[in-house]
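Look at the sequence and the model first, then read on.

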Amino acid sequence: GKFFLPCLLWTSLSRTVTAGTLRELWIMPVLAMMHVVIGSAIGYYVVLRACGTRRGFRTVTVLSCGFGNSLALPVVISRAITKNPTIGDLVFVDPDDGDKCALYLSVYVIMLSLLMWSLGPYLYHRRVALEESAGEGVNRVNGDAENAGMRDAAHSSDVERESSAAGDTTLTNNDDTKRALLGVARNVFNANVNACLLGILTGICTPVRDIIFQPGRAFSYVGYSADSLADAAIPSILLIIGCSLANGPDYKMADKKSAIAVLITRFIIIPFITIGLYY
């Protein structure tokens with residue numbers, strides 16, 4: 001996922017991206033935001049009303065409805081379909097259809113990755129905090145007069161130390177903010193997203209694209225090498241997916257009702273809403 005798939009994305013986008021095609025793909029980031037909003041809203045309904053998902057898996061269920069697998073698995077399915085000339089009444093006559101699918105998915109996943117690693121952690125920590133506060137209850141007992149006096153004395157000493165520690169606290173908060181922003185940036189700009197951005201830049205810059213992917217040019221060996229590595233992306237992804245599903249699903253945390261609800265949300269409800277909005 002960190003080597004072969006980025007090669008596939010880079011080579012596919014480099015051959016298909018132009019400034020004109022990018023102007024036509026403005027709808028893909030909008031769809032990514034819409035899917036996150038709709039999926040999360042349905043997830044809240046699934047968690048709170050329909051399925052009664054057990055505590056400890058509610059947050060994961062909501063986020064699973066809002067954020068789906070929109071790169072590796074769709075790329076595998078689209079490439080497998082477009083490699084066959086005909087499937088039923090559906091005919092693919094353009095040999096670049098597979099590259100076009102990768103282009104659409106890449107533009108979509110750039111926005112999705114930004115939302116996943118910025119909005120996703122916020123929603124996760126917020127939901128976890130709400131679940132913990134709901135589970136704790138309000139069974140706190142006030143101390144007696146002696147304990148109250150001890151608390152007052154401790155409070156007065158804490159106030160004296162606050163002024164000297166204010167500067168250190170500010171520096172610590174700034175460092176925490178920087179670390180959080182760097183963590184978000186590292187997650188957003190992962191290997192696949194970087195490959196998408198590099199492929200878009202290569203496709204827009206026609207001289208660079210031609211010198212790499214046109215046969216007989218100076219750096220055509222780079223394009224040939226990347227194509228060879230890209231051919232290994234689909235088998236490696238299928239192998240990883242097969243190993244992940246070899247033992248079947250684990251229902252220790254997620255009950256079957258919640259798992260089925262997530263599948264229906266991602267594979268039926270959201271696609272039908274998207275198709276309805278498009279037409």
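A crossing is left-handed if the near helix is turned anticlockwise from the far one by less than a right angle; clockwise makes it right-handed. Keep that in mind for helix α1, which covers residues 4–16. The model is predicted. Two packing partners of α1 are described here: α9 and α11.

**α1 and α9: geometry**
- Helix α9 spans residues 206–213.
- The axes of α1 and α9 lie 10 Å apart, and the packing angle is about 125°.
- Angles over 145 degrees count as roughly antiparallel, and 65 to 115 as roughly perpendicular. The angle here therefore makes α1 oblique to α9.
- The crossing of α1 past α9 is left-handed.

**α1 and α9: residues in contact**
- From α1, the contact uses W10, T11, S14 and R15.
- From α9, R209, I212 and F213 take part.
- By class, this contact of α1 with α9 holds three nonpolar, two polar and two charged residues.

**α1 and α11: geometry**
- Helix α11 runs over residues 233–245.
- Its axis comes within 8 Å of the α1 axis, and the two cross at roughly 140°.
- That angle makes α1 oblique to α11.
- α1 and α11 form a left-handed crossing.

**α1 and α11: residues in contact**
- On the α1 side are F4, L5 and L8.
- On the α11 side, they meet A233, I234, S236 and I237.
- How many residues in the contact of α1 with α11 are nonpolar, polar and charged? Six are nonpolar, one is polar and none is charged.

Terms used
Residues numbered from 1 in each chain as written. Predicted model: local features only at pLDDT ≥ 70, side-chain atom pairs only at ≥ 80, totals over all residues. Heavy atoms only, no water. Axes fitted to C-alpha atoms, helices over the stretch in contact; angles between N-to-C directions. Helix = DSSP H or I, 4+ residues; strand = E, 2+ residues; numbered from the N terminus. Parallel < 35°, antiparallel > 145°, perpendicular 65-115°, else oblique. Contact = heavy atoms within 4.5 Å. Nonpolar A, V, L, I, M, F, W, Y, C, P; charged D, E, K, R; others polar.
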